[in-house]
Amino acid sequence: MAERQEQTAPDAVLTRIGQVVMLHHAGDREEARHRFLGLWAEIGEHGDPLHRCTLAHYLADTQDDPADELAWDLRALTAAEEARGEALAVTAVTALYPSLHLNLADDYAGLGHTDAARTHLRWAREAATALTDDGYAEGVRAAIGRLESRLGEGGPGTWTPPRQRP
């Protein structure tokens, strides 16, 4: 019975990350970065991979320096790769992959590394095929389309989002 309760109990670390995400989205980027870094110090570089992936993914968005943003996004991808081996994390990580690769593509594009940007954009497109048709997927697919346009990826054969159900 205790094991069953643990499986259905909310994840306190992910809840805390979500609270800081809301703070960031409300416009307090500095405070969000400070709190995310505090959580990172608690979790540590060898903590739960899903926690590290999620935290680094959001922490990247609070960085002022594009190179720092890239470093955090790479940490997120590395942790996602580690989390793939954990049964409870597979679904969450699968949903994050399109966004992880999209962020990396954007980071590389911003730093002028167009080939790396295009590679991660391609991986984001491929990973997006695993998403369900919901608001999150719609937003990720729209962002992929915007970055494709920015990188001059238009033309025949360009990935487009699947048709939405009526």
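User: In what order do the elements of the protein run from the N terminus on?

Analyst: They run α-α-α-α-α-α-α-α. Helices here are DSSP runs of H or I with at least four residues, strands are E runs of at least two, and both are numbered from the N terminus.

User: How many helices and strands is that?

Analyst: The protein has eight helices and zero strands.

User: What should I know about the model and the numbering?

Analyst: This is a predicted model, in which local features need pLDDT of at least 70 and side-chain atom pairs count only at pLDDT 80 or more, while totals for chains, interfaces and linings use all residues. Residues are numbered from 1 along each chain as its sequence is written, and side-chain values use heavy atoms, with hydrogens and water left out.

User: What share of the residues is buried?

Analyst: Of the 166 residues in the protein, 40% are buried. Buried means under 20% relative accessible area, exposed means over 50%, and partly exposed lies in between (1.4 Å probe, protein chains only).

User: And what share of the contacts joins residues at least 24 apart?

Analyst: It is 55%, counted among contacts between residues at least 6 apart in sequence. Contact means heavy atoms within 4.5 Å.

User: Helix packing next. At what angle do α4 and α5 pack?

Analyst: Helix α4 (residues 49-60) and helix α5 (residues 66-83) pack at about 160°, and their axes are 8 Å apart. That makes α4 roughly antiparallel to α5. Axes are lines fitted to C-alpha atoms, for helices over the stretch in contact, and angles run from 0 to 180 degrees between N-to-C directions. Angles under 35 degrees count as roughly parallel, over 145 as roughly antiparallel, 65 to 115 as roughly perpendicular, and the rest as oblique.

User: Which residues of α4 and α5 meet?

Analyst: From α4 they include Leu 50, Cys 53, Ala 56 and Leu 59, and from α5 they include Trp 72, Ala 76, Ala 79 and Ala 83. By class, this contact has eleven nonpolar, one polar and five charged residues. Ala, Val, Leu, Ile, Met, Phe, Trp, Tyr, Cys and Pro count as nonpolar, Asp, Glu, Lys and Arg as charged, and the others, Gly among them, as polar.

User: Are α2 and α4 roughly parallel or roughly antiparallel?

Analyst: Roughly parallel. Helix α2 (residues 12-25) packs with α4 at an angle of about 5°, with the axes 10 Å apart. Val 13, Leu 14, Ile 17 and Val 21 in α2 meet Leu 50, His 51, Thr 54, Leu 55 and Tyr 58 in α4. That contact has seven nonpolar, two polar and no charged residues.

User: Where is Gln 63 found?

Analyst: Gln 63 is in the loop between α4 and α5. Its relative accessibility is 9%, so Gln 63 counts as buried. The Gln 63 side chain reaches the backbone oxygen of Leu 59 at 3.2 Å. Setting aside residues up to four places away in sequence, Gln 63 touches Arg 29, Arg 33, Asp 68, Glu 69 and Trp 72.

User: Is Arg 33 buried or exposed?

Analyst: Arg 33 counts as buried, because its relative accessibility is 12%. This residue is in helix α3 (residues 29-43).

User: What does the side chain of Arg 33 make a polar contact with?

Analyst: The side chain of Asp 64, at 3.3 Å. A polar contact is a pair of N or O atoms within 3.5 Å; within protein, one must be able to donate a hydrogen and the other to accept it, and residues adjacent in sequence count only if both atoms are side-chain atoms.
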